[in-house]
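Trainee: Walk me through this one, please. Start with the terms we'll need.

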Amino acid sequence: MNAEETTLTDSYLAQLQEEARQLPADQAAEMVADIREHLSAATAGDASEAHTREVLDRLGSPQALVAEALGEAGNAPAAPTPPPASQSPYADILAAARRRATPSTTWSGRETTAIACLIGAEVGIILFPLAAGAWLVGLISLATSRTWTSREKTLGGLTLGLGFPLAAIAAIVAVISAQWSLFNLGVHRICDFGNPSSFNSAGTFGLGEPTQISLCRTSGSSSHTVLTALAIVGAILLVAQIVAVWKLLQARHRTPAV
Amino acid sequence: MAPLDSAVTQLRRGALEYCVLALLADEERYGYDLVTELSEAGLVASEGTIYPLLSRLRKEELVATSWQESPNGPPRRYYRLTAHGQRALASFQDSWSDFKNSVDQILKGKDRR
């Protein structure tokens, strides 16, 4: 695209921007972005001046576009319906649809809350009740977001949402294995105190050396295995969460700035 | 496009959004594709006026949009029909059918009284 065509479309967009000041800011921004996208797509194949003029002609004047947008905004009841009396059904549909709350598709505090709470819940696992509360708030915010698509919500739920439960499980296992270690220490003391040789020589204790060793070893190694497994799962989940947060943050660009 | 009499213009306006929904019934489309198809079908005078309509349909949750990467250039808006939009379209198709038949009958001069 050479300077001619760039100037043509830029000039059009500038006029549109000016005209669109009659509209609410977010609507104006959206319209200009849509038209910019349209012009970019329309001139992609042929960027000559002649074609660009043709595209702009077909597009309509900035005044016409903004008038239409104003008309849509003021169009609270149904668009003009055809005469026959029996044709109220789709007017009713339109009216019912308009009665619904107007969702904002822009990034809002809800999205920030969702991400912050879900991450906070897994990081702040030590403060368990607080973390649990944050986790619930985060999940609800995620689910009720109006910016994210269902797919994005599912992604967020499966990655960020699982962080807290996983951290909770890890914490519980850590506590249990710590208690096992203390128990082990106790067992060791008993084991050492009544050492194998003395047992064997006594001959009456069932506790032979192999059993003792397996008792002392099993609990240690099994919690060790579980923690290792959790660490691996945690690492994978962490990577998944980083990817998820990155994707969810893409929604910030969803209402293009002018 | 030649100037139209206001009744037909009104009909067009009323039907236009359902035409948008119908175009999305089978597949998701880029905004630009929707606009050019409607324009080629002669349903709009100026292509740009479809964008406010699309914006309203989005607000009313009859359509939903997502951003798709495009091979040449910035991400583009991709439109799809929502469940709500599907129901609205189905309802309109019935209404339109009845309306069309009623008007046709009268225009053909059949006495309905």
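Mentor: Axes are lines fitted to C-alpha atoms, for helices over the stretch in contact, and angles run from 0 to 180 degrees between N-to-C directions. Helices (H or I, at least four residues) and strands (E, at least two) are DSSP runs, numbered from the N terminus. This is a predicted model, where local features need pLDDT of at least 70 and side-chain atom pairs count only at pLDDT 80 or more, while totals for chains, interfaces and linings use all residues. Residues are numbered from 1 along each chain as its sequence is written, chains are lettered from A and ligands numbered from 1 in the order in which they are written, and side-chain values use heavy atoms, with hydrogens and water left out.

Trainee: Fine. How many helices and strands are there in chain A?

Mentor: Chain A has 10 helices and zero strands. Going along its sequence, you read α-α-α-α-α-α-α-α-α-α.

Trainee: And what share of chain A is buried?

Mentor: Of its 258 residues, 38% are buried, that is, under 20% relative accessible area, with exposed over 50% and partly exposed in between (1.4 Å probe, protein chains only).

Trainee: What about contacts in chain A, how many join residues at least 24 apart?

Mentor: Take the contacts (heavy atoms within 4.5 Å) in chain A between residues at least 6 apart in sequence: 72% of them join residues at least 24 apart.

Trainee: Show me a helix pair. At what angle do the axes of α6 and α7 of chain A cross?

Mentor: Roughly 145°. Helix α6 covers residues 109–123 and helix α7 covers residues 128–143, both in chain A, and their axes come within 7 Å.

Trainee: Which residues of α6(A) and α7(A) make the contact?

Mentor: From α6(A) you get A:Arg110, A:Thr113, A:Ala114, A:Cys117, A:Leu118 and A:Ala121. On the α7(A) side, the contact includes A:Ala131, A:Trp135, A:Gly138 and A:Leu142.

Trainee: Switching to chain B. What is the order of the strands in its sheet?

Mentor: The sheet of chain B is open, with three strands in the order β1-β3-β2 and antiparallel pairing; two strands pair if DSSP finds at least two bridges between them. The edge strands are β1 (29–30) and β2 of chain B, each pairing on one side only.

Trainee: How many bridges join β2(B) to β3(B)?

Mentor: Six, and the two strands run antiparallel.

Trainee: Why is α3(B) called largely enclosed?

Mentor: Because nine of its 10 residues are buried, the rest of the structure largely encloses α3(B). Among them are B:Ile50, B:Tyr51, B:Leu54, B:Arg56 and B:Arg58.

Trainee: B:Arg56 is in that list. Which residue does B:Arg56 meet in a salt bridge?

Mentor: B:Glu17, at 2.8 Å, N to O; a salt bridge is a side-chain nitrogen of Lys or Arg within 4 Å of a carboxyl oxygen of Asp or Glu. This pair links distant parts of the chain, B:Glu17 being in helix α1 and B:Arg56 in helix α3 of chain B, 39 residues apart. Their C-alpha atoms are 9.6 Å apart in space.

Trainee: Are those two buried or exposed?

Mentor: B:Glu17 and B:Arg56 are both buried. For B:Glu17, in helix α1 (residues 6–23), the relative accessible area is 1%.

Trainee: How many salt bridges does the structure hold over all chains?

Mentor: It holds 12. One of them is A:Asp34 with B:Arg77, the closest N and O atoms being 3.2 Å apart. That pair crosses between chains, from helix α2 (residues 25–42) of chain A to strand β3 (residues 76–81) of chain B. A:Asp34 and B:Arg77 are both buried.

Trainee: And what does B:Arg29 form a salt bridge with?

Mentor: B:Glu27, with the closest N and O atoms 3.9 Å apart. B:Arg29 is buried at 12% relative accessible area, whereas B:Glu27 is partly exposed at 46%.

Trainee: Last one. What is phi of B:Glu61?

Mentor: Near 60°, a positive value in a residue other than glycine. Most residues other than glycine have a negative phi.
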